[in-house]
Amino acid sequence: MVDGFRFQNSRCQCHFLSHSHADHTTGLTKNFTGGLIYCSPVTAVLLRKDMGMPPERVVPLQLESPISIDGVTVTLIDANHCPGAVMFLFQIPARQGSPAQLILHTGDLRWHSGMAEHPALKGKPLDVLYLDTTYALPKHVHPPQDVAIAQIIDVMQKSYKEEPRTLFVVGAYHIGKERAFLGAAKALQWPVWVAPEKLRVLGMLDLPASDMALLTTREADARIHVVFMGQGLQPDALEKRMNSSGDWARVVAFRPTGWSYRKHGLETRRQGPVTIYGVPYSEHSSFPELRDCVKRLRPKRLIPTVNASNPTASRRVEDRFADLMDLSGDRSRLDMYFAAAQQSPTAADCGHACDLGSPDLELRSTKRRCLGHANSTLNHLEPPPAVQGGWKGPPNSLPVQERCAPIPNGLVPASPEWDQKPGSTGMEYPGLVLDPASLGTIHGVAGSQQQTTQSPPL
Ligand SMILES: [Zn+2]
C-alpha cells in the first residue's frame, strides 16, 4: 500500500511511504503494528526521530537501487518535492496468465522533463501512473522553482536598498519550502534564523553542510527569519516579530506557494510596516509539467491522486491528459470515444472501474460497488477536450447497470472533494495496494487520505 495508512488491514504488511507530509501519513501513529514501512532514508530518519516510530518498523531503501520485495521489484526515484520525497516504480512479474505490469506512483511530485530520461523509465511503457494532480487545471502555470527563488532574491535586494533595516520573513512547512529560503540566503549570503525545533528537523534532512552553515537560532544574527506558513505569516504576527527587536523598520515577508501565482506581478498585501508577497514557488508540478509528464511516460492508465474524490471528478482530471496516454489497449476508452461518436447505443460501457476486470484487480470498497455505478447519470462520459471535435452525439443513455460487467468489488466511495483552494478541508488521495501474499498481485487501486487540517496540499 502506498501512502494509505487509513486503510490498514491484516492482509497488507508492506507499506510504502512517499514522504512525510501529514496528508500522506494520515492514520499512521508511532504505535503502528501493520507490518513494515518502506521509504527513503531521509523519510526513515523523520519517522524514527521526529515522529517516534519504532525503528524496526521502518525500512529505508536507497534511491536508484532496485530491490525485490515479495517478488515485486521496487525502485525509488527522487520526486523533487520535499526532502526525502520519492516516487515508487513497481515492476510486477507476470503470473498465472496475467501480464507483467509497470506501475509508477509519484507521491507528491514536481516534475521536470529530465525525469523521463531516468533509465528505469525511459522507453519503458507504463501500465499505470498514479499522478500528483494538485495543479491539474490549465490556469496553473507557475514558473520553475529557480524563477520563483529569483523573484524572492530580487525583492530582497531592492527592499534592502530602499531600507537597510528591513526584516525579511519566509514561510515554510515543518518539512518543505527549504529551497525558497536557503536559495535566497545562499545568493545573498545572509544568515537565516530558524527556531531551535526547526533547526533540529532541518538537521535530519541531509542538507549540504554549506546550507546548514547559513542557519542560526539567534534572531539578532539574521536578516532572514523562517516561520510557519500559517499563523507566522499573518500581518499582526509579523509586526510583533519586527517590534521584538529595535533593529527593524519594516517587514517584507514571502508566502512561497503555487497557489499565489498571478499572471502579472506578485500577489501583494500591505498592512502598516508589513508587506507580504505571494511567490509562486511550488513543490508540485504545474499543469504544463503534468502534461509533459504524461506525454513522456505515456501510461495506459492514469489515476489522479488529488482532486479525484469522486468518479466524476477523477474522470474529469484524467480526461485532461487522455490525448497523451496510450489508450490503444483500453477497451473502455475506445468504446467511449468511438462507439459514442458513432451513436451506437450499445457499444459504450460505463468507462469506469468495472472495465478493469482483470482477475488481478480486486477493487476495495466499503460499499462494494463500481465507481460508475455510484453515479446515476452518465455525465462522466463526456469526451475529453482533445476529442471534442469528434463528439457526434450524446453518450449512451442506457442505465449504467445494463452496460457494466459484474465486478467482485468496488472502489472506495467519495469523500468531500478538494476544491483546489487553500483552506479547503478535504483531499482524496488514491493509494496503491500490493498484496505480498500473491506475489505482486495488485489487490486494490484506490485509497484515500483525508486532509484534515485547514491548509493547502503540502
Ligand atoms: Zn507533500
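Analyst: Happy to! Here, two residues are in contact if their C-beta atoms, placed from the backbone, lie within 7 Å. Please keep in mind that this is a predicted model.

Let's look at helix 2, which covers residues 145-162.

Now look at its sides. Ala148, Ile149, Gln151, Ile152, Val155 and Met156 of helix 2 are buried. Viewed down the helix axis, these buried residues fall within an arc of 150 degrees, so they line one face of helix 2. On the face turned away from that buried side you will find the exposed residues Asp146, Val147, Lys158 and Lys161.

What do the buried residues of helix 2 pack against? Their partners are strand 9 (166-172), helix 3 (178-188), strand 13 (250-256) and strand 15 (274-279).

From helix 2, Gln145, Ile149, Ile152, Ile153 and Met156 meet Arg179, Ala180, Gly183, Ala184, Ala187 and Leu188 of helix 3. Two packed helices are described by the angle between their axes and the distance between the axes. For helix 2 and helix 3, the axes come within 9 Å and cross at roughly 55 degrees. The two helices are therefore oblique to each other, and their crossing is right-handed.

Finally, the loop between helix 3 and strand 10 (192-193) holds Gln189. Gln189 is not a glycine, yet has a positive phi of about 55 degrees. Gln189 counts as exposed because it has 7 C-beta neighbours inside 10 Å.

Key. Residues numbered from 1 in each chain as written. Predicted model: local features only at pLDDT ≥ 70, side-chain atom pairs only at ≥ 80, totals over all residues. Helix = DSSP H or I, 4+ residues; strand = E, 2+ residues; numbered from the N terminus. Expected span 1.5 Å × (residues − 1). Buried ≥ 20, exposed ≤ 12 C-beta atoms within 10 Å, placed from the backbone. Arc of directions from axis to C-beta. Axes fitted to C-alpha atoms, helices over the stretch in contact; angles between N-to-C directions. Parallel < 35°, antiparallel > 145°, perpendicular 65-115°, else oblique. Left-handed = near helix turned anticlockwise from the far one by under 90°.
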